[in-house]
Amino acid sequence: MNIIFLGPPGAGKGTQAKILEDTYGMVQLSTGDMLRAEVAAGSDLGRKAKAVMEAGGLVSDDMVIGIISGRIDQDDCKDGFMLDGFPRTVPQAEALDEMLDKKGFRLDHVVELRVDDEPLVRRITGRFTCGDCGEGYHDEFKKPAKDGVCDRCGGGNFKRRADDNEETVRSRLAAYHAQTAPIVGHYGKQDLVRVVDGNLPIDRVTTQLKEILG
Ligand code: AMP
């Protein structure tokens, strides 16, 4: 099964994708994670993307389409994938349709996670992760049991994303409404859109998703 997670930053796309990876055997493909890895590695692509990402804008369509095309060709995508953060513009969606057609893949669902803007700012500005094992935490909603120690791996190397500050979050939300939300119409025409209430707690969102995915 191949699905797209659509929704504003902080809607829970990555969180749900990680939960579903184990249940359904689909791999999570996050263009944000791939771009952050390029920035960390200091590659040409990473150098080009860094300033745009820190300002909360979108990097060029060509850049992310190239990254995703190469990633989908890898073996682990054959059993299914979940796109998280891609496509983010209508031209990206059109390029993806063409790419999947050529590679012999098809989309099963486009899940739209709907969340109101204000809770999103609170969700994003409070989140952090364990740099050793990737476990996600939040200042208000999910603190580690022991201050400064990861519940899962015992590490203490916590990280916050450079773009998770309030000013950048507001730019990212504006980019979502202007450039990404129109994709719902694009996939609506293909009858692929399934709407999920992303305001609910994580486990209730997962339940809704499992009802859709079967
Ligand atoms: P994310 O981790 O999905 O929130 O993405 C972090 C940042 O990476 C975004 O704010 C954009 O600057 C950039 N980015 C990620 N995916 C895309 C995409 N599909 N198109 C353009 N920019 C992207």
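**Ligand surroundings in a predicted model**

A polar side-chain atom of Arg88 lies 3.0 Å from a nitrogen atom of the ligand. Taken alone, the ligand exposes 480 Å², and the protein buries 96% of that area.

**The shell around the ligand**
- The ligand is surrounded by 16 residues, and the closest of them are Thr31, Arg36, Gly57, Gly85 and Gln92.
- By residue class, this shell around the ligand consists of six nonpolar, five polar and five charged residues.
- Helix α2, which spans residues 31-41, supplies four residues and with them the largest share of the shell around the ligand.

**Further polar contacts with the ligand**
- Arg36, which is among the closest residues, places a polar side-chain atom 2.9 Å from an oxygen atom of the ligand.

**The setting of Gln92**
- Gln92, also listed among the residues closest to the ligand, belongs to helix α5, which covers residues 90-103.
- Because its relative accessibility is 3%, and buried means under 20%, Gln92 counts as buried.
- When neighbours within four places in sequence are left aside, Gln92 is in contact with Asp61, Val64, Ile65, Phe86 and Pro87.

Terms used:
Residues are numbered from 1 along each chain as its sequence is written. This is a predicted model: local features need pLDDT of at least 70, side-chain atom pairs count only at pLDDT 80 or more; totals for chains, interfaces and linings use all residues. Side-chain values use heavy atoms; hydrogens and water are left out. A residue is near a molecule or strand if one of its heavy atoms lies within 4 Å of it. A polar contact is a pair of N or O atoms within 3.5 Å; within protein, one must be able to donate a hydrogen and the other to accept it, and residues adjacent in sequence count only if both atoms are side-chain atoms. Accessible areas come from the Shrake-Rupley method with a 1.4 Å probe; for residues, only the protein chains shown count as cover. Helices (H or I, at least four residues) and strands (E, at least two) are DSSP runs, numbered from the N terminus. Ala, Val, Leu, Ile, Met, Phe, Trp, Tyr, Cys and Pro count as nonpolar, Asp, Glu, Lys and Arg as charged, and the others, Gly among them, as polar. Buried means under 20% relative accessible area, exposed over 50%, partly exposed in between (1.4 Å probe, protein chains only). Contact means heavy atoms within 4.5 Å.
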